[in-house]
Amino acid sequence: MIPTFLMVAIVVFCIVNIIPGDPAAIAKGNDSVGDINLIRERMGLNRSFLERLGDWFIHMLQGDLGDSYFLGRSVLDTIKARIPVTLSLATSALLVAVIVGIPLGILAALKPNSFLDTSIMGFSLIGVSTPEFFLGLILMFVFALNLKWFPSSGYTPITESFIKWARHMILPAMAFGLGQSAYIARLMRSSMLEIMNQDYIITARAKGQSEVVIILKHALKNAFLPILTAIGMIYALLLGGAFITESLFRIPGAGALIISSIRKFDFPVVQGALLFVAAAILIVNLIIDILYTFVDPRVRFETKK
Amino acid sequence: MKSKKNFFQRCMKNYSMMIGVIILFITLIVVISVPLFSDIDPNKINYESMLKPPSALHIMGTDSFGRDLFTRIATGGRVSIIIGLEVMLGTTVLGVLIALLAGYNDKLDMIIMRLMDVMMSFPSLLLAIALTAVFSNSIEGVSIALTIAYTPRTVRILRSSILTLREETYVEAAQAIGVKPITILFKHILPGTLPVLIVQETFLFAYAILAEAGISFVGVGVQPPDASWGNILSDATTLLHEAPWTVMFPGLAIMLTVLALNLIGDGLREVLDPKRLKGNAND
């Protein structure tokens, strides 16, 4: 994981620094007296690409991501304020996806090709085809503008007031999570169907076990394994795709920060924020791998050998 | 795929796939013919007909500049679909080349897969946004950025398919009689990966449309005056209350096209590879 992270860091730096655009020119626009070469020097842009890469890399390893060109703050401070926002959005969306998706998938798998199954799968297909910003706009129209149940945009930190946070978060989390719940439902269904045809389920049925016990005790545990990987992937996807929902609901998260910083060529912030999101995703994957050893004894056995 | 006739017969019997084909066909006709034959200029500003709801004159209503929404969605759809097609072609060509290189040489394979892992550990949309900033936010820039962001997926799927095929008896037989590795790769292994590739690229077409819409929606993709489904919807967000149709129609256009492609992808997967259970359209 660590070599991957270091390579990710280098790739981030390279991509961001070949973006054509001169941050010095933008900074000069703000104060008309400045000499552009002086500004460039202050930003460190007069040095060669490799020098800058080496410098940034060494500082990054020491936990210093440099200073924003325009915000007058260190990159780390800027990102620190934004990361919890994106985390709370992605986590709430993941909760929606899991709470809606898994029961629907199980329901659909209980009677394959029944009316219930076909309609759940139909809805889920529509779900995976609907962009989250379109769903978000529909929800906003119905629940915020017409019914006025929830605010249409904005954000309150959870530490300030849980209820305010939840009221702000519910529409974005639904918009962002429901599409993923459709995907989870599809996966859960196919995983359940596969398990329900296994020999040990037939054995359990043959010895007269009730269907409820079979599903809850024998099938679910094993059907859940592939879903765990999918949940990890989805969480990564949510963390990386949050910027669209953030921009629609005006939530000041890390994704929104990346977008606005790319627009003004604030490269240190873009690099730092991209790096943070990539690191978060690597950590999520690591956690999923560790969880696997708890849920699936076979994985643990192999690693011990 | 036993024969072409058999393939088409099986497709025709797959009703949900046929629905997908019909929706896609209608979308393509609208997107191609309206900009060609309509005499309404999609960018013409007309303050007298601002924010008119759907009527006989403007079947999808007008936007805040009085522009005809239907013409704009059709021209914007052209941009979205062209980007989807370009990404599909680009990832196919790049993906096949890179996967073949990886399948050809084990050392190259290690390097290539490491690189793909690094690229895959980025969220593809954020990568695409950064790359769009590199290549300019024109239609071509967005296509190139999305192609680079999505190629690792194609490479991964193709490579695993190539590795499985390499173990097949007929490949061993070809090696045994001394066929050159390159010939084996192109003539005996590549055709075998075709079903996997076709299904993967159909879904990629759908993702590319969604991704373009997403990055244009936040304003860093295709720029006005070039309309795309993403930026039409983005313009409409502030009009949600007073003119909901300006949001509904472009949103429905994206949704239906992506739905059609997902239906076709699912159908193709069933027809080309009946062994696999249907289910995961997103991986």
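## Basis of the description

In this predicted model, local features need pLDDT of at least 70 and side-chain atom pairs count only at pLDDT 80 or more, whereas totals for chains, interfaces and linings use all residues. Residues are numbered from 1 along each chain as its sequence is written, and chains are lettered from A, with ligands numbered from 1, in the order in which they are written.

## Contact of chain A with chain B

Between the two chains, 44 residues of chain A are in contact with 36 residues of chain B, a contact being a pair of residues whose C-beta atoms, placed from the backbone, lie within 7 Å. On the side of chain A, the elements that give two or more residues are helices H1 (2-17), H6 (115-129), H7 (132-146), H8 (162-196), H10 (211-248), H11 (254-263) and H12 (267-295); helices (H or I, at least four residues) and strands (E, at least two) are DSSP runs, numbered from the N terminus.

The largest share of this side of chain A comes from H10(A), with 9 residues. By class, the side of chain A that touches chain B has 34 nonpolar, 7 polar and 3 charged residues, where Ala, Val, Leu, Ile, Met, Phe, Trp, Tyr, Cys and Pro count as nonpolar, Asp, Glu, Lys and Arg as charged, and the others, Gly among them, as polar.

## Domains of chain A

The domain assignment of chain A gives domain 1 (2-61) and domain 2 (82-295), with bounds that come from an automatic or database domain assignment. The centres of the two domains, taken over C-alpha atoms, are separated by 36 Å.

Across the domain boundary, 12 residues of domain 1 of chain A are in contact with 11 residues of domain 2 of chain A. The elements giving two or more residues to the domain 1 side are H1 and helix H2 (23-30) of chain A, and H1(A) gives the most, with 8 residues. The residues on that side of domain 1 divide into 9 nonpolar, 3 polar and no charged.

## Helix H11 of chain B and its partners

In chain B, helix H10 (residues 229-236) and helix H11 (residues 245-272) pack at an angle of about 155°, with their axes 9 Å apart; axes are lines fitted to C-alpha atoms, for helices over the stretch in contact, and angles run from 0 to 180 degrees between N-to-C directions. H10(B) is therefore roughly antiparallel to H11(B), a term for angles over 145 degrees. The contact is made by Trp229(B), Ile232(B), Leu233(B) and Ala236(B) of H10(B) with Thr246(B), Val247(B), Pro250(B), Gly251(B), Ala253(B) and Ile254(B) of H11(B), and these residues divide into 8 nonpolar, 2 polar and no charged.

H3(B) packs with H11(B) at an angle of about 30°, with their axes 11 Å apart, which means that H3(B) is roughly parallel to H11(B), as angles under 35 degrees are classed. Here Leu69(B), Ile73(B) and Gly77(B) in H3(B) meet Thr246(B), Phe249(B), Pro250(B) and Ala253(B) in H11(B); by class, this contact has 5 nonpolar, 2 polar and no charged residues.

## Ser64 of chain B

Ser64(B) lies in the loop between helix H2 (15-37) and helix H3 (69-104) of chain B. Because Ser64(B) has 16 C-beta neighbours inside 10 Å, Ser64(B) counts as partly exposed (a residue is buried with 20 or more other C-beta atoms within 10 Å of its own, exposed with 12 or fewer, and partly exposed in between). Not counting residues up to four places away in sequence, Ser64(B) touches Met50(B), Leu51(B) and Leu239(B).

Terms used
Parallel < 35°, antiparallel > 145°, perpendicular 65-115°, else oblique.
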